[in-house]
Amino acid sequence: RFCFAPRVLSVKREPRSKLVLDKLTYLCIAFILEDESGVLYMEQLVAAVCEDDQADRERLCGLIDASGVSASVCVFETGEDFLAAWRPDRFDLIFMDIYLAGLSGVEAVRKIREQDGDIPVAFTTTSLDFTLDGYRMNVAKYMEKPVSQKAVDEMLALALYKKEERDRDVILFGRRNPLRVPVLRLRYVEQQEHYLIFYLTG
């Protein structure tokens with residue numbers, strides 16, 4: 001929850017919902033961050049690798065490192081460990097082995113999708129038995145082992161694209177000590193007199 005008092009555009013005979021929309025439109029136009037040079041400054045990707053086989057795990061991490069994409073990798077051996085560490089917006093992409101001891105990769109992703117329907121997920125597996133499950137859970141890629149460099153590069157490119165789109169739309173509150181808030185975190189706005197109260201996710 002974030003409270004901000006913008007410049008009032010109109011207060012006379014405007015429906016409450018319309019007034020909020022006008023103010024929000026003003027904020028989006030006046031405070032979205034833009035790079036005047038047109039150059040995109042890409043932050044490092046944060047990838048999660050959930051794989052219980054050491055050889056497959058080391059191979060996948062090596063391919064990520066060899067891709068040339070700046071990325072940090074968080075490694076997990078079980079679905080339970082991954083879910084314990086996962087929270088919305090922590091990772092930019094997930095490489096998930098389907099066949100894990102205990103909680104399967106399919107079940108782990110199903111739990112993730114209850115809170116985040118957009119983060120890119122790739123299933124890594126030796127079988128195509130769960131293709132339909134992957135489709136239903138909006139899995140971006142189905143990667144057969146041994147995983148190839150091409151498949152990893154394509155997944156990283158997708159994550160970079162989504163991160164660019166996510167970071168492009170940012171509202172900047174304040175001028176002296178600006179606070180960057182991604183538009184996608186905005187749930188709704190409540191008006192109290194001349195103030196707007198912004199409710200955010202996370």
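**Close-up views of a predicted model**

**View 1. Phe 91 is a buried residue, with a relative accessible area of 4%.** Buried means under 20% relative accessible area, exposed over 50%, and partly exposed in between, with a 1.4 Å probe and protein chains only. This is a predicted model, in which local features need pLDDT of at least 70 and side-chain atom pairs count only at pLDDT 80 or more, while totals for chains, interfaces and linings use all residues. Residues are numbered from 1 along each chain as its sequence is written, and side-chain values use heavy atoms, with hydrogens and water left out. Phe 91 lies in the loop between helix H3 (79–85) and strand E4 (93–97). Helices (H or I, at least four residues) and strands (E, at least two) are DSSP runs, numbered from the N terminus. Leaving aside residues up to four places away in sequence, Phe 91 touches Val 46, Ala 47, Ala 48, Cys 74, Phe 76, Phe 82, Trp 86 and Ile 119; a contact means heavy atoms within 4.5 Å. Phe 91 and Val 46 are 45 residues apart along the chain, yet their C-alpha atoms are separated by 5.1 Å.

**View 2. Helix H4 (residues 105–113) has buried residues Gly 105, Val 106, Ala 108, Val 109, Ile 112 and Arg 113.** They lie on the same side of H4, because they cover an arc of only 160 degrees around the axis. The arc is that of the directions from the helix axis to the C-beta atoms. An α-helix has 3.6 residues a turn, so residues three or four places apart point the same way.

**View 3. Strands E9 (residues 186–192) and E10 (residues 195–200) run antiparallel and are joined by six bridges.** Two strands pair if DSSP finds at least two bridges between them. Val 189 stands opposite Phe 198 in E10. E9 and E10 form a hairpin with two residues between them, and Glu 193 in the turn has a positive phi of about 55 degrees.

**View 4. Cys 61 counts as partly exposed, at 22% relative accessibility.** The sulfur of Cys 61 has its closest cysteine sulfur in Cys 74, 10.0 Å away, which is too far for a bond. Cys 74 is likewise in no disulfide. A disulfide is a pair of cysteine sulfur atoms within 2.5 Å, and a search of the whole structure finds zero of them.

**View 5. The chain as a whole has six helices and ten strands.** Of its 202 residues, 36% count as buried. Among contacts between residues at least 6 apart in sequence, 61% join residues at least 24 apart.
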